[in-house]
Structures are given as structure tokens and as C-alpha cells.
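Here's a quick tour of a protein model for you to follow on screen. Have the sequence and the 3D view open side by side.

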Amino acid sequence: YRPVPPLAWAPLILTIFGIQDDGKIFLLFMVSFAIMVISARTGASGTQLSKIRASHSLGASNRQILRYVILPNALPEILTGIRIAIGVCWGTLVAAEMLAGTTGIGFIENVARTVSDYELIWVTILIMGLLGLAFDLLMRLIISRTIPWRGKGYPVKIASICIKRSFPKNIWSSKKKVGTPKTPFSTALLVLVMSCSLTSLV
């Protein structure tokens, strides 16, 4: 259904569900679903295989790779998709209210159009613009707080986890002196060098 314009679904959905909130919610779901799926798929498939292979070689489990490699790489695309979907949904909602609505800012503007109240039309346009700007600024703030690792070498956390896994657990849990670890120092040094290389790939 993605190639179909969102407003083309509005008459059918509003006829089936009515002009209440259920129809509007389902319409917005249909509008945003395709955008979100494409964004999530693009973000996940855009993860570099070198990062995944390097994480495997450092001893990271599949769950750690999903959480610390694939998800951080996909989050920028996912959040960007949410930002785009909010803008498209906002425009679709206003248009649906103009088309067949009894409440909402789109309905008010449509009523103002029928009575040629230009002042009210400009007021509704200003309100729609301010609300759209507020939604966009809110998403920018969420993106900046949610993905602060962009361009800062996030796989360092994976490297630290994998380095810890390279040594016996008693080295990290006990403060007493212990004997020589089972893992040779050269292996630990190799793991550290590989982790630095992984960080430079970001």
C-alpha cells in the first residue's frame, strides 16, 4: 500500500471507522507504518560487516552484537524515520479533518473557509505551523539525547566487555592477589589492539 498517497486512504478508512478518533488513529498508523519499516530495515542493513565480524572475534555474543552494534547503528535511521513520519502524519491528520471531520484545527480552518473568515484562516495556519515546528524540535532533542554516540566511537563499550571476558572472572571480582591469568598477556594485548581498530571504524 506504500505507493498509494496517504490521503487516498482517508475516504475509505473514514467511511469504515467513522469520523471519530478510531478512524484517525488507524489512518495515521497506515501512514507511519511503511515509513518506520523502511527506516528500521535501512538502518539495520547498513551496519558494516566489519564491525560485526570484529565483535565476533573479540568474543561478543549475538545478544551483545544486536544491542551494542546493530541497534546503535540502526537508531539514527529509526529516529529519523520517526521524525519524518510525524511530519507526514501531522499533514495527513489536518487534511483528514478538513475532508471529513467535526473537530480539530483542520475542521476549524475548513469552516473559516466557507464563511470567508480570513483572519481565522491565518490563525489556524499559524497554529499548525507552530505545532509542526514544536514536534520537529522535540524530535531533534530526543535524537540528540538518545544517540549521543554518533561519531564518538561507541564500540568502545563492546571492547571493554570483550577484554573482561578474556580474563578469568576472579581477576575482576576479587581484590586479592591472584596468580598468572590463563589468558596470555600477548592475547590480551592483541584484543586491546583489535578493540582500538574497531573504534576507528566508526
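Let's start in helix α2, where F29 and F33 are about one helical turn apart because they sit 4 residues from each other. Helices here are DSSP runs (H or I, at least four residues), numbered from the N terminus. Keep in mind that this is a predicted model: local features need pLDDT of at least 70, side-chain atom pairs count only at pLDDT 80 or more, and totals for chains, interfaces and linings use all residues. Residues are numbered from 1 along each chain as its sequence is written, and side-chain values use heavy atoms, with hydrogens and water left out.

**Aromatic rings**

- Rings of Phe, Tyr and Trp (its six-membered ring) pair if their centres lie within 6.5 Å; planes under 30 degrees apart count as stacked, over 60 as edge-to-face and the rest as tilted.
- By that rule, the model has 4 aromatic pairs.
- One of them joins F26 and F29, a tilted pair with 6.4 Å centre to centre and 35° between the planes.
- F26 and F29 are 3 residues apart in α2, so about one helical turn separates them.
- F29 also pairs with F33, again tilted, at 5.5 Å centre to centre and 35° between the planes.
- F26 is partly exposed at 33%, F29 is partly exposed at 48%, and F33 is partly exposed at 41%.

**The largest nonpolar core**

- A nonpolar core is a set of buried Ala, Val, Leu, Ile, Met, Phe, Trp, Tyr and Cys residues joined through side-chain atoms within 4.5 Å.
- Which residues make up the largest one? Its 7 residues are A10, I13, L27, M30, V31, C89 and A96.
- Helices α1, α2 and α4 (62–100) each give two or more residues to this core, and α2 has the largest share with 3 residues.
- As background, nonpolar side chains tend to be buried together in soluble globular proteins.

**The second largest pocket**

- A pocket is an open set of points on a 1 Å grid over the protein atoms alone, where a 1.4 Å probe fits, with protein on both sides within 12 Å along at least five of seven lines; lining residues have an atom within 4 Å of a point.
- The second largest pocket has a volume of about 150 Å³, where volume is the space filled by probe spheres set on the points.
- Of the 11 residues lining it, R2, V4, P6, V31 and A34 lie nearest its centre.
- Both α1 (6–17) and α2 (21–45) supply at least two lining residues, and α2 gives the most, with 5 residues.
- The lining divides into 10 nonpolar, no polar and 1 charged residue.

- In α3 (residues 49–57), K51, I52, A54 and S55 are buried. They lie on the same side of α3 because they cover an arc of only 165° around the axis.
- The face of α3 turned away from that buried side carries the exposed residues L49 and R53.
- Just after α3, G59 takes a positive phi of about 100°.
- S116 has a positive phi too, near 60°, and this residue is not a glycine. Most residues other than glycine have a negative phi.
- You'll find S116 in the loop between α5 (105–114) and α6 (118–146), partly exposed at 45% relative accessibility.

Definitions and conventions
Nonpolar A, V, L, I, M, F, W, Y, C, P; charged D, E, K, R; others polar. Buried < 20%, exposed > 50% of the residue type's maximum accessible area, 1.4 Å probe, protein only. Arc of directions from axis to C-beta.
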